[in-house]
Amino acid sequence: MTPQDTFSIVALTKEAYARFPEAVRKPVIGLTGNHSDIDVTLRDAYHKQIVEAGGVPLIIPPVNDIDVVGTTLDSLDGLILTGGGDYDPRWCGEEASPKLGTVNAVRDPAELLITQLAYNRNVPMLGICRGMQTLAMALGGHVAQDISERRNKKESNMCTILRHSQEEDRPVKTHSVALHPGSTLYNIYGQTDIAVNSFHHQCVDNPGKRFRCVAKAPDGVIEAMESTEYRPIMGVQWHPEWLGKDGLPIFQWLVEQAAIFMKAKSLHADMPTLDTHCDTPMFFHQGVDFISRDPRILVDLHKMTDGRQDATFMVCYLPQPKEGRTFEESVHFPIASPRQYADFIFDEIGKIVQRAPQYVALARNESDILRNKREGKKSIILGIENGLALRDTYSDSPLTAEEQEQCLHNLQHFADRGIAYMTLCHNGDNDICDAASRSNNTNGGVSPFGERVIHEMNRLGIMADLSHGGEKSFYDAIDISSKPIVCSHSNCRALCDHQRNLTDDQLRALARTGGVAHTTLYGGFLKKEGEATILDAIAHLEHAIDIMGIEHVGIGTDFDGDGGVTGMSDASDMIQFTMHLLRKRYSDDDIRLIWGGNWLRVMRINKLTN
C-alpha cells in the first residue's frame, strides 16, 4: 500500500464522518443465505438490486434458533427469502418423489422459522423462486415436488408444456407470465403480460388461504402470489435479481413497503397505542392464557407485542338477559349476581397481572399508560359493558328506591376498582336506558335513574359509553352529561345501515360536545353484504373524520366479542392499520390522535373534578 493509498483511505473516512449527522436511515432488508458445506453464500445480484432500490442489504445465515431469529428480525424492516434447492417434502408430511432434487437439511427449518416469525411481526416479505415456496410451506400452502406432480392440473392448459428450468443465461427471459389486473404486480408493471427467466422444477400448487395467485405461466404454473390479508407480502417464481432494470421495480416495491414499516415502528415506539374495547376477559375463566400465545383468543401478550400495541381496554361484558332467562343462564357461569360477576372478571384480570408483573400492568389513567410504556409493560384498563353490572341481583322488576341507591354505591365500588368507562346498556333495554338493538322503548331514552347514574359517573370520572345506546338514549346522555361521552366501538350508519351504527347527525353531536367515536371491526357493522376487511374499517374511520374531524376518532376493535376482519384479525395486526394510514399520507400527528390521543383527551376531561 502506497502513502497515496493511505491518504485516500483517510480522506474517505473523514468524508463519511462529515456526512454522518445528515445521513438518512435506509430500510434494512434481510436476505436469507444459502448453506453449502462450510459456507453461507448468496448471489451478488440480490444485494445489488436492494442497494439500487434504496435499501440496505443484510445477509442472514440459516440459524434455527428462535431467540437468534427473533433478535435478527428486530433489526430488519423487510425480508427477502432467496432462491435455492428443493424443499424436503417431509415438512408437509409427504414422502420423497423420484423427481425430488437436492434438499438442504440446514436451510429448510431455519427459513421456515424466520418466515413464520416475520409474518407474526408484520415484516414485509418478498419470496423469490424457492423463497415463494418458503412462503407457501411456512404459511399454509402446498409445494409440489415437481411441476408434473402439481395438484389441480385440470385448471392448467396441459397442451402447452413449458421448460421452467432454463439452460440459457440467468438474465435471459424464456417465457411469459400473465399478471392479474388489480394485483400488486400489475400495479408495479402497469401491464398484464411480462417476460421472465425461470430456474425451478418445484412449484406452489396451492397458495393457501393467506395468499392468492396473481400470475400464471401459459401452462398454468403459478408464477406469483400475494397476501389476501392486505399485507406487504409477495412471492414470485422467477428471479428478478438477474433482470436488471426490468427486475428492479419488485425490489423497489419491497424497499418502499419496508420504509413504511420502519416509519410505523418508529411511530409506535414514540406514541401510546390504545384499543378502546375488547371482550377477551369473558374467556379467562375457560382456561385461556393471556401471557402465552393462545390461539383461542385474539388479544394476548404475544399478539399485543407483535402488533406493537401498548394498551387495551378490557371490559367485563354482561349480556342483557332475554325475557324468561336468569342472569346465570345468560352468562353461562354459576354466578347469579351481576355485580359479583363483574368483580369475578376483574379479579381474573388481576391474577394475570400478578403472574407477569414485568410484562403487564393495570392502568387507571393516562399517566399510568405512559409510565407502563416507558417500563416496557402492556397496560390493561378496566371497563364495564352494560350498566346491568350495578345490580346486586337480577330480575325483570324495576329497581326499588333502595336498590337504586345500592346501584349508585356499586358504581363507586367499581370506580375504586379503576374502571375507566361504562357502556350504559347492551343489546336490550336496562334500568339506565334503552338500547339500539332489541329495544322495547322501555324508558323512552335515558331513565330518571339513568340520569342519576350519568351524573354520578361524571363525579367519579367514569366515561359514559353510548356504543349500544338507542338514538334517543344517545341524545339524552349528551344533554345530561357534563363531560364528553364516548362511543368506544361504533361505526357509521351512512356506510352500513345498522341500528348499532351512528348517524352523521350523531357524529356531529359527539364532535360538538368533545366526544369520540371509535371505529370497530365487527363485520356486520362495516358492511351489509360480503366479507368485511381492514379497508372497510378504514373507510368508516375516514367517513367519521370527514364528518367529525380528526380530533374525534379512534379504534375500538371489539376483539373476542365478534370483532376482527381480514387484514386486522387480532391484536398482532394493529401496526398494519398504521401502515395503511401511512400509505394514505396521514401525518404523524393525525396517527397519534387516532391511536389514542383523542381518547386520552376525553379521559383527562372526565377525570377533572366538577
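Predicted model: local features only at pLDDT ≥ 70, side-chain atom pairs only at ≥ 80, totals over all residues.
Where does Thr 280 sit? It lies in a loop, with strand E14 (274–278) on one side and helix H8 (301–306) on the other. What does Thr 280 touch, beyond its neighbours within four places in sequence? Its contacts there are Ile 297, Val 299, Met 314, Phe 559 and Asp 560.

Next, the sheet. Nine strands make an open sheet, and the pairing is mixed. Follow the order with me: E4-E1-E5-E6-E13-E12-E11-E8-E9. The edges are strand E4 (56–60) and strand E9 (193–196), and each of these pairs on one side only. Ignoring direction, neighbouring strands are turned against each other by 25 degrees on average.

Look inside the sheet at one pair. Strand E5 (residues 78–81) and strand E6 (residues 125–128) run parallel, joined by three bridges. Take Ile 80: its bridge partner in E6 is Leu 126.

Now a helix on that sheet, H4. H4 packs there and touches strand E1 (28–32), E4, E5, E6 and strand E13 (233–236). Its direction makes about 150 degrees with that of E5.

Some detail on H4 itself. It covers residues 107–120, which is 14 residues. From first C-alpha to last it reaches 20 Å, close to the 20 Å expected at 1.5 Å a residue. Is H4 enclosed or open? Of its 14 residues, 12 are buried, so H4 is largely enclosed by the rest of the structure. The buried ones include Leu 112, Leu 113, Ile 114 and Leu 117. Arg 107, Asp 108 and Glu 111 are also among them. Just past H4 comes Asn 122, with a positive phi of about 70 degrees.

The crossing is right-handed.

Who makes the contact? From H7, the residues are Gln 257, Ile 260, Phe 261, Lys 263, Ala 264, Lys 265, Leu 267 and His 268. From H18, they are Met 574, Ile 575, Thr 578, Met 579, Leu 582 and Arg 583. Sorted by class, that contact has eight nonpolar, three polar and three charged residues.

Key. Residues numbered from 1 in each chain as written. Heavy atoms only, no water. Helix = DSSP H or I, 4+ residues; strand = E, 2+ residues; numbered from the N terminus. Contact = heavy atoms within 4.5 Å. Left-handed = near helix turned anticlockwise from the far one by under 90°. Nonpolar A, V, L, I, M, F, W, Y, C, P; charged D, E, K, R; others polar. Expected span 1.5 Å × (residues − 1). Buried < 20%, exposed > 50% of the residue type's maximum accessible area, 1.4 Å probe, protein only. Pairing = 2+ DSSP bridges. Axes fitted to C-alpha atoms, helices over the stretch in contact; angles between N-to-C directions.
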